[in-house]
Amino acid sequence: MPRISPVTGHYVTVDVDDVQYKVFYLENGTGQPLLCQHTAGCHNHQWRGLLEDEEITADHRVIAYDLPRHGKSDPPENTEWWKEEYQLTAEHYTKFIVALCDELELEQPIFMGSSFGGNVALQLALRYPERFRAVIPVEAADYSPGFYLDWWQHPHANAAQVCASGVWDLMAPQSPEADRWKTWFYYSQGSEAFKGDLYFYSVDHDLRDKLDQIDGDRCPVVMLTGTYDYLTTPEDGRRTAGQIRNGEFIEMEDIGHFPMSENHEVFRRYLLQALDRIGSRAGAQA
Amino acid sequence: MTAATTTPTVEEWVRSFTDASDRDPEIQAHGKYFTCGYLLDMADHHFVVRMTSGKVAELAIDPGPLDVGYQFAIRAGAETWRGFGTEVPAPMFHGIWAATFRRDMKLEGDVLVLMQNLRCITRQIELLRTVGVPV
């Protein structure tokens, strides 16, 4: 028997404002849609463990897409993108995610993202609370300065290695070495997008005076942060969740900033807790 | 090799660090162009590591102010370095980026050279988890 994974890949065309993207996504499972955003400068293989997690895919349709300019999703189809510097904004990022949900006809998906995907989860809860059953911001905070650096694209250094080894310390020493190296490998592939992603992460994203406008009753927010994350620490996550109406926070022991990619076995235990709190698992109470 | 349970002497540490680096499969596989000099400032002691093509060419112990040149410096207090010198470092003692963002570590000098050699430097600093630190 050929050892073929149940995970399938597709392309879907998405229009955002006047920009058209052809977006690649992986999916597996049935039930409650669970839409997953990778971290800055990376791609959807970070969710490889979740995509094949039979307990979660039994009652969730897990969809992990490549944001345009990442993985197998090309830059815009209809603009001369090479003539502009890429700087991702919260407005375009959130519009893209909502447009993707529309195109895939997703009804009340749960949105989960890590790092710049976690920060955009907070932005979605603020801007489009009616569109999501809940959001799970992973390794996120109201504000995350300090990572919009020229080193990611410095022409006198090997950008692939600077990006990959520059994020190495974001992972916990306890995480399996093979999974940390897979994450390193992914990061060696995304240096051109990384810095522009971090414009959103460290510059445009700032919710320090807006957290009280997030309606955690309309769109529940369950935040997860690992103890080895030096960019957004558990204290940052706890503080952020504490200022959101009914926001919840779960601290994850012995894991870092790329939990789903560096150690899915540890991450899934906390994710199951988050899904239980949201009530999306079969038999769970909302 | 297991983490040092007692503080090695400076001379013991220089020998074990040099040996660990020169025998490390990652550094030897990827260190063909790992050629630079850097200062490790551990407060109680400081060292200049001079690398040539992935091998430790010289490791100067507590050199005088103008004795040995280097391109960049990694500075931190002894407590921070002791955190690096454990088999499983606690959060924020687990790498130079983490300790620079959240502890007292400073990356100084020609940081471009650090970035050009980041892969091998990252691995070399992780060797402290097995050889310990002499402070």
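Predicted model: local features only at pLDDT ≥ 70, side-chain atom pairs only at ≥ 80, totals over all residues.
Visitor: Which pattern of helices and strands does chain B follow along the sequence?
Guide: Chain B holds seven helices and five strands. Read along the sequence, their order is α-α-β-β-β-β-α-α-β-α-α-α.

Visitor: What radius of gyration does chain B have, and why does it agree with a compact globule?
Guide: The C-alpha trace of chain B spans about 30 × 30 × 25 Å along its principal axes. Because a compact globule with 135 residues would have a radius of gyration near 14 Å, the value for chain B agrees: 13 Å.

Visitor: Which residue in β4(B) is the bridge partner of Asp41(B)?
Guide: Strand β1 of chain B covers residues 36–41, and four bridges join β1(B) to strand β4, residues 72–75 of chain B, in a parallel arrangement. The bridge partner of Asp41(B) in β4(B) is Arg75(B).

Visitor: Which residue takes a positive phi in the hairpin of β1(B) and β2(B)?
Guide: The strands β1(B) and β2(B) run antiparallel and are joined by six bridges; in this pairing, Gly37(B) stands opposite Arg50(B). Four residues lie between the strands of the hairpin. The residue with a positive phi, near 70°, is Ala43(B).

Visitor: How do the residues of the side of chain A that touches chain B divide into nonpolar, polar and charged?
Guide: The contact takes 17 residues from chain A and 17 residues from chain B. On the side of chain A that touches chain B, the division is seven nonpolar, nine polar and one charged.

Technical notes. Residues numbered from 1 in each chain as written. Chains lettered and ligands numbered in written order. Pairing = 2+ DSSP bridges. Helix = DSSP H or I, 4+ residues; strand = E, 2+ residues; numbered from the N terminus. Contact = placed C-beta atoms within 7 Å. Nonpolar A, V, L, I, M, F, W, Y, C, P; charged D, E, K, R; others polar. Rg over C-alpha atoms; globule rule 2.2 N^0.38 Å.
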